[in-house]
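Subject: Structure for you, with notes

Dear colleague,

Here is the structure I said I would pass on. My notes on what was found in it follow below.

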Amino acid sequence: MESISVFEIIKVGIGPSSSHTMGPWNAASAFIRIIKRERSIAEVKEVFLEFFGSLAKTGIGHGTDIAGMLGLNGEDFKLIDTTKIDDIVDHIKESQIINLGGEKEIPFVYGHHLVLNMSETLDYHPNGMIFKAIFEDGTELVQDFYSVGGGFIMSQEKNSIEKQCVRTIYPCHHGSDIVKYCEKLGFGKMSDLILINEESWRTQDETRKEALYIWEQIKECIYKGVNKEGILPGGLNVTRRAAGMNRKLLGDKVYKNKDEWFQLVVDAEENFTNINKWISCFALAVNEENASFGRIITAPTNGASGVIPAVLMYAQAFTDAVSEDDIARFILVAGEIGTLFKKNATISAAMGGCQAEVGVSSAMAAAGLTEILGGTVGQVLMAAEIAMEHHLGLTCDPIKGLVQIPCIERNTMGAIKAITAANIALESDPTKAKVTLDQVIQTMWETALSMNDRFKETSEGGLAIAVNVPEC
C-alpha cells in the first residue's frame, strides 16, 4: 500500500469543497498536462468537460463548474487572487473563449463545452468527470477522472496521472502499525515516528517549516473570517456569524492585525461559556471563508476545514501547549490519522456521508490535541477512535448543494467532540478500551457502504429535501 504524506491530507486549498471544487480543478490541470505529454496545447481545437453523479447534482452549489473552467484556463488555486475569480469566470462565459492552459484561446460555450449530467453516474466512483480534447487534425484525446475526497483524483488508466509512489521506512497503514513501530523504536510520542517517516518527502526541518506555514495560514484564515460581515454567496442568504461573535467576545477591545487579535483572544476571560463560544467562532470563521471561495486549509476536506483550526487555536489560546514544537506535533499526528482513514475507508462525503469528512476531521483533531497535551501513543489513537465513534452514520445532505447548511455549524460540533474525546482519552487507560481505532475505521467504511446514496452529497435526501429550496 502506498504511503501518504501528512501534507497531502492537511494542505492549502480553496473553498467551498475539496471533492467538488479542488478535485475537478486538479483534474482539469492534470488533463492539461496529459495534452502536453501526448501532443501540445497549440494543436487543440476544442475541449469538452462533462460532470456526472454527485459532481453534477450539487455542482452549481459547490462551484464545480467554476473549478473546471478555472483549471482549464490554467489557473492555480494555491496562487489565484480569490477576489478575481468571479471576473475570470464571467469573462469566459461572456466571451465564450477559454485560454486553455493559459496558452491558447479556443471557443468555450458554457452548457455545450461544459455539461452537468445529472441523469448519469459513472460506475467507478460517484464523483466522475470526463475530459475530451479535439485536435486540429480531427483526432481526440479522452480522459476520465474521479474526485475521491480531499482534492485527490484518480483515473481508471493508471498512467494518466503522474505521481511518485512512496513507501516510508516504517509504513503505517493501520493504527496497529503505529503502535508496533513506536514500541520497536522506543518512542513515547507518536509524532516522533511520523517525523521520521516524513523524511521520505522532505527533511525534518522542512517538515517543521511546512507545519508552521500551515499554522500561519490557519491563523490568517480565521482572522479573515472573524472580520467579515455580510451574506454568503449561493442564494440561501446565510448570514456570517463569526464576526459578530468575535465582536461580542472582545467587547470594546481594538486590534490592528492578526497578532494583536490573537493576543486579545489569549488574554480573554477563560470561563467555560466563553471558551466554548471561541471554539465555535474559530470554526465558523473558517467555514464561512470556505463557503465564499476563500483560501483555507483542507483538513482533510474543505467541508470539514474548520475543525482542526478551531481545535488547534483552542490549544494555543487556552491550554499550556503553545510552542512551535507543539504546533508541528499536532499537525503531524492529525495528518497521520487522516491517512489511515483515507487508506482504509474514505474521506469523500460522496462515498461515505459526512462521517467521512467532519467525522474524520474530528478524529484527526482529537488525536493532535491529545498528543500535545501529553497523551501516550495509545491515548492518541483512543482519542481518534472516540471522536469517530460518535460521528458514525453522519449523513451529507447539504441544502441547495451548498457547503453551508448544515456544514458550517457541523464543524463547530466536530471541534467540540474532538476536545471532549481528547479529554476522555487523557483520563483513560487505552489498554482497557473495547474498540480500537482500526475497528472503528472499518466500521465507518461498512457504514458508508450501507448508507443510502440520497445521503451522500447528492442533495436528494435529508435536510436538502426537508428544506425545499430550488437549485440556482
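Which backbone oxygen lies 3.1 Å from a polar atom of the side chain of Ser155? The backbone oxygen of Asp144 does. Before the rest, the conventions: this is a predicted model, in which local features need pLDDT of at least 70 and side-chain atom pairs count only at pLDDT 80 or more, while totals for chains, interfaces and linings use all residues. Residues are numbered from 1 along each chain as its sequence is written, and side-chain values use heavy atoms, with hydrogens and water left out.

Ser155 sits in the loop between β8 (152–154) and α7 (175–185). Helices (H or I, at least four residues) and strands (E, at least two) are DSSP runs, numbered from the N terminus. With 10% relative accessibility, Ser155 counts as buried; buried means under 20% relative accessible area, exposed over 50%, and partly exposed in between (1.4 Å probe, protein chains only). The side chain of Ser155 also makes a polar contact with the side chain of Gln143, at 2.6 Å. A polar contact is a pair of N or O atoms within 3.5 Å; within protein, one must be able to donate a hydrogen and the other to accept it, and residues adjacent in sequence count only if both atoms are side-chain atoms.

Gln143 is also among the residues touched by Phe31. Phe31 belongs to helix α2 (residues 18–38) and counts as buried, at 0% relative accessibility. Not counting residues up to four places away in sequence, Phe31 touches Val47, Leu72, Phe131, Lys132, Ala133, Leu141, Gln143 and Phe145. Contact here means heavy atoms within 4.5 Å.

Ser54

Ser54 is in helix α3 (residues 53–57) and is buried, at 3% relative accessibility. Its side chain reaches the backbone oxygen of Glu457 at 2.7 Å. Leaving aside neighbours within four places in sequence, Ser54 is in contact with His20, Gly59, Pro126, Asn127, Ala350, Lys456 and Glu457.

Helix α11

In α11 (residues 258–266), the residues Trp261, Phe262, Leu264 and Val265 are buried. They cover an arc of only 160° around the axis, and therefore lie on the same side of α11; the arc is that of the directions from the helix axis to the C-beta atoms. These buried residues pack against α9 (204–225), α10 (242–250), α12 (272–291) and α13 (307–318). The N-terminal end of α11 is capped by Asn257, with a side-chain oxygen 3.1 Å from the backbone nitrogen of Asp259.

Second largest pocket

The second largest pocket holds about 550 Å³ of space. Of the 26 residues that line this pocket, Asp86, Pro233, Ala291, Ser292 and Phe293 are the closest to its centre. The elements giving two or more residues to the lining are α4 (59–62), α5 (64–72), α6 (85–95) and α12. Of these, α4 gives the most, with three residues.

On the method: on a 1 Å grid over the protein atoms alone, a pocket is an open set of points with protein on both sides within 12 Å along at least five of seven lines, where a 1.4 Å probe fits; a cavity is a set where that probe fits but cannot get out, and lining residues have an atom within 4 Å of a point. Grid points are joined across faces, edges and corners, and a volume is the space filled by probe spheres set on the points.

Backbone geometry

Most residues other than glycine have a negative phi, and most peptide bonds are trans. Phe293, in the loop between α12 and β9 (295–298), has a positive phi of about 60° and is buried, with a relative accessible area of 15%. Ser459 has a positive phi near 60°; this residue lies in the loop between α19 (437–450) and α20 (463–466) and counts as buried at 16% relative accessibility.

A cis peptide bond joins Gly15 and Pro16, with omega about 5°. Pro16 is in the loop between β1 (11–14) and α2. The bond from Ala299 to Pro300 is also cis, with omega near -5°, and Pro300 lies in the loop between β9 and α13.

Cysteines

The disulfide count comes to zero, a disulfide being a pair of cysteine sulfur atoms within 2.5 Å. The sulfur of Cys172 is 7.2 Å from the closest cysteine sulfur, in Cys182, which is too far for a bond. Cys172 counts as buried at 3% relative accessibility, and Cys182 counts as buried at 3%.

Regards
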